[in-house]
Amino acid sequence: MKKYLKIIWDGISPANPVLIIAIGLCSVIAVSNSVKSALLMTFSFGLVLIPSEIIISTIRKLIPDEIRVPMFVVVIAAFTTMSVLLSRAYFTTIYDVIKLYILLIVVNCIIIGRAEAFAYVHPVVESLFDGIGMTIGYGWVLTAIAVVRELLGKGTLAGIQVLPQSFQPALIMILPPAGFLMIGILVGALETYLRKKGDKK
Amino acid sequence: MSFSHYLVDLAKIFVSSSIINNIILIQFLGLCSYIGLTDNMSSSIGMSFAVIFVTVSSSILTWVIDHWILIPSHLQPVLQITSFILVIGSFVGLVQIYLKKASPNLYKAMGIYLPLIATNCIILGVTFINSMNNYDFIQSIVEAIGISLGYTLAMIMLAGIRERLRNSDVPQFFKGKAIAFMVSGILALAFLGFQGMIK
């Protein structure tokens, strides 16, 4: 059990797909301007990543090495279709805003990367937990950025007014440029932290 | 719709896709290659040419598949993603094999970027945008050209700025990739000024 918890923890912090490995940034910047879209994006992302890892790990011994990437892509595309149809059916209003990014989960580097680096060489149960860990890791970074941006840009959280009416929202925070600025500050902070850590050793 | 209206419409699509809704700075697609390859000018130009070529040809291919196969057979919602990505992937592979054999020079200039493109979100993104907006054949091509030229514009701008940044004194905190993100934030701010140009 401890082994599985460690796999989940790896995804949340030491090998966080967004922060440490710095892949899959497109969707992080694009949907982080409101908490609702961030949550829907995390939901659809998990719905694709977890089952794809399970299926790929199940059939990993049947896949010839040369055509493994096309096989991954077909599996991932099938689950992306399901997740798109589900989001369209149950979360229509948010789906209409971010549908392009949900469709593009199919080429998200994190999912292909995890399929190649983890599911292809690990048994089924470990892949399941890796999927859960990576989804949580992706989700918390995305939601944390979204909370800051929505709070400063609109004064609301998931559409509910949180800051007092007298607060003048900084509209720039929910517009595209702030996404780049936030990620820039985040990457800078992270690299500074890693550099300091490296100096100590 | 008369012919002149149609032309105006095409011009609107072109300006909107290349500048107003710039694929990188406003829509955030293709950031991996945008940050990863702009370290030097020649690789960003090579990548841009490869993107222009693949975007236009794959939007032609997927338009044909969408309108002649998927829509008539009512399979569009179920099979669109899978068929698009497979067609684009195999097309890019074919082009790479052909270029290697037929024109080694062109392959050297653009071919090494082709494998990167197969999983680039821009190519697939363009095909989805075309199909979401129900563009006809010519409109899809114009949209594809506009988007890839917008991509080229953003790539070359960032590559130029990063060449200058190499000789300038960047604060310790922003060294490396962080400054590229900050610069693109400011570029995006500038591009935001085009919003509302087309009503």
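Student: How many cavities of 30 Å³ or more does the structure hold?
Tutor: This is a predicted model, so every value here is computed from it. A cavity is a space where a 1.4 Å probe fits but cannot get out. With the cut-off at 30 Å³ or more, the count of cavities is two.

Student: What volume does the largest cavity have?
Tutor: Its lining has 13 residues, and among the closest to the centre are A:Cys26, A:Asn108 and B:Cys121. H2(A) gives the largest share of that lining, three residues. The volume of the largest cavity is about 120 Å³.

Student: How many charged residues are in the lining of the largest cavity?
Tutor: Asp, Glu, Lys and Arg count as charged. The lining has ten nonpolar and three polar residues.

Student: Which element gives the most to the lining of the second largest cavity?
Tutor: This cavity holds about 50 Å³ of space. Its lining includes B:Trp63, B:Asp66 and B:His67. Helix H3 (41–70) and H7 of chain B each supply at least two residues. With five residues, the element that gives the most is H3(B).

Student: How much space lies in the largest pocket?
Tutor: A pocket is an open set, unlike a cavity. The lining of the largest pocket divides into 18 nonpolar, ten polar and eight charged residues. The space in the largest pocket is about 570 Å³.

Student: Which element gives the largest share of the lining of the largest pocket?
Tutor: Elements of chain A and chain B both line the largest pocket, among them helix H3 (35–58) of chain A and helix H8 (137–165) of chain B. The largest share is seven residues, and its source is H5(A).

Student: What is the area buried between chain B and chain A?
Tutor: The contact takes 35 residues from chain B and 37 residues from chain A. Carbon and sulfur atoms give 82% of the buried area. The total is about 3,200 Å².

Student: Which residues in chain B lose the most area to chain A?
Tutor: Together they make up 21% of what the chain B side buries. They are B:Phe28, B:Ile81 and B:Phe181.

Student: How many salt bridges are there between chain B and chain A?
Tutor: Side chains of opposite charge can pair when their charged atoms come close. The count over all chains is three salt bridges. Between chain B and chain A, the count is zero.

Student: How many residues apart in sequence are the parts that A:Glu126 and A:Lys3 tie together?
Tutor: The closest N and O atoms of this salt bridge are 3.2 Å apart. A:Glu126 counts as buried because its relative accessibility is 13%, and the cut-off is under 20%. A:Glu126 lies in helix H7 and A:Lys3 in helix H1 of chain A, so the separation of the parts in sequence is 123 residues.

Student: Is A:Glu116 buried or partly exposed?
Tutor: A:Glu116 meets A:Arg68 in a salt bridge at 2.8 Å, N to O. A:Glu116 is in helix H6 and A:Arg68 in helix H4 of chain A. The relative accessible area of A:Glu116 is 29%, so A:Glu116 is partly exposed.

Student: Are A:Asp130 and A:Arg114 buried or exposed?
Tutor: Their side chains meet in a salt bridge at 2.9 Å, N to O. A:Asp130 lies in helix H7 and A:Arg114 in helix H6 of chain A, so the pair ties together parts 16 residues apart in sequence. Both residues are buried.

Student: Is B:His74 buried or exposed?
Tutor: B:His74 is found in the loop between H3 and helix H4 of chain B. Its phi is near 55°, a positive value in a residue other than glycine. Its relative accessible area is 69%, so B:His74 is exposed.

Note on methods
Residues numbered from 1 in each chain as written. Chains lettered and ligands numbered in written order. Predicted model: local features only at pLDDT ≥ 70, side-chain atom pairs only at ≥ 80, totals over all residues. Heavy atoms only, no water. 1 Å grid on protein atoms, 1.4 Å probe; cavity = no way out; pocket = protein on both sides within 12 Å on 5 of 7 lines; lining within 4 Å. Points joined across faces, edges and corners; volume = space filled by probe spheres on them. Helix = DSSP H or I, 4+ residues; strand = E, 2+ residues; numbered from the N terminus. Contact = heavy atoms within 4.5 Å. Buried area = accessible area lost by both parts, 1.4 Å probe. Salt bridge = Lys/Arg side-chain N within 4 Å of Asp/Glu carboxyl O. Buried < 20%, exposed > 50% of the residue type's maximum accessible area, 1.4 Å probe, protein only.
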